Amino acid sequence: MKILVDADACPVKDIILEISQKYNIEAIFVCSLSHYSNYYEKHGLNPVYVDNVSQSADLAIINRAREGDIVVTGDYGLAAIILSKGAFAVSFDGKLFDDNNIDELLAKRHETLKSLRSGGRVKGPAKRSAKDDEEFLCSLERLIKII
């Protein structure tokens, strides 16, 4: 088992590092070159950098994911593909993606994109809270323990 992270906009990197060290699980952070940060070097990590092309990070994660792995992402499309590979997916706020909710989430994303293309406006996500971090931590640990 390993944890693959869609790291470009990931607000829970520190939590993932803490949990991966606690359970001795490899954490692989995948990010675009345009999001370069010294965060990884400061923590002794070797991230997977990908080109600054749409979906590059997603493709790198898909190619590395195996059955039983955990993928941390906010991307419903990536989560759907990961689930089809027998891996697990969790959002940055701790929501577990599964076969029971992924279709509804993809449909909601489709409707949102349709609205945006036609000039509509969509409210962004709520400001991140400490409760979101706690939910993520609990979900990730629960997932590790059941795998």
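By class, how many nonpolar, polar and charged residues are in the lining of the second largest pocket? In this predicted model, that lining has three nonpolar, two polar and three charged residues.

- The space that lies in the second largest pocket comes to about 180 Å³.
- The residues that line the second largest pocket are Asp6, Asp8, Ala9, Ala57, Thr73, Gly74, Asp75 and Phe92.

**The largest pocket**

- The largest pocket holds about 600 Å³ of space, and among the 18 residues that line this pocket, those closest to its centre are Gly74, Tyr76, Asp93, Pro125 and Ala126.
- Helix α5, which covers residues 102-117, supplies the largest share of the lining of the largest pocket, with three residues.
- When the lining of the largest pocket is divided by class, there are seven nonpolar, four polar and seven charged residues.

**Helix α3 with helix α4**

- Helix α3 (residues 56-64) and helix α4 (residues 76-84) have axes that come within 10 Å of each other and cross at roughly 15 degrees, which makes α3 roughly parallel to α4, since angles under 35 degrees count as roughly parallel.
- The crossing of these two helices, α3 and α4, is right-handed.
- On the α3 side the residues in contact are Asp58, Ile61 and Ile62, and they meet Leu78, Ile81 and Ile82 of α4; the residues of this contact divide into five nonpolar, no polar and one charged.

**Helix α4 with helix α5**

- The axes of α4 and α5 lie 9 Å apart, and the two helices pack at an angle of about 150 degrees, which makes α4 roughly antiparallel to α5, since angles over 145 degrees count as roughly antiparallel.
- The crossing of α4 and α5 is left-handed, whereas that of α3 and α4 is right-handed.
- From α4, the residues Tyr76, Gly77, Ala79, Ala80 and Leu83 meet Ile102, Leu105, Leu106 and Arg109 of α5; by class, this contact of α4 with α5 has seven nonpolar, one polar and one charged residues.

**Helix α1 with helix α6**

- Helix α1 (residues 13-22) packs with helix α6 (residues 130-146) at an angle of about 30 degrees, and the axes of the two helices are 11 Å apart; α1 and α6 are therefore roughly parallel to each other.
- The crossing of α1 and α6 is right-handed, and their contact is made by Ile15, Ile16, Ile19 and Lys22 of α1 together with Asp133, Phe136, Leu137, Leu140, Glu141 and Ile144 of α6.
- Divided by class, the contact of α1 with α6 has seven nonpolar, no polar and three charged residues.

Definitions and conventions: Residues are numbered from 1 along each chain as its sequence is written. This is a predicted model: local features need pLDDT of at least 70, side-chain atom pairs count only at pLDDT 80 or more; totals for chains, interfaces and linings use all residues. Side-chain values use heavy atoms; hydrogens and water are left out. Axes are lines fitted to C-alpha atoms, for helices over the stretch in contact, and angles run from 0 to 180 degrees between N-to-C directions. Helices (H or I, at least four residues) and strands (E, at least two) are DSSP runs, numbered from the N terminus. Angles under 35 degrees count as roughly parallel, over 145 as roughly antiparallel, 65 to 115 as roughly perpendicular and the rest as oblique. A crossing is left-handed if the near helix is turned anticlockwise from the far one by less than a right angle, and right-handed if clockwise. Contact means heavy atoms within 4.5 Å. Ala, Val, Leu, Ile, Met, Phe, Trp, Tyr, Cys and Pro count as nonpolar, Asp, Glu, Lys and Arg as charged, and the others, Gly among them, as polar. On a 1 Å grid over the protein atoms alone, a cavity is a set of points where a 1.4 Å probe fits but cannot get out, and a pocket is an open set with protein on both sides within 12 Å along at least five of seven lines; lining residues have an atom within 4 Å of a point. Grid points are joined across faces, edges and corners, and a volume is the space filled by probe spheres set on the points.
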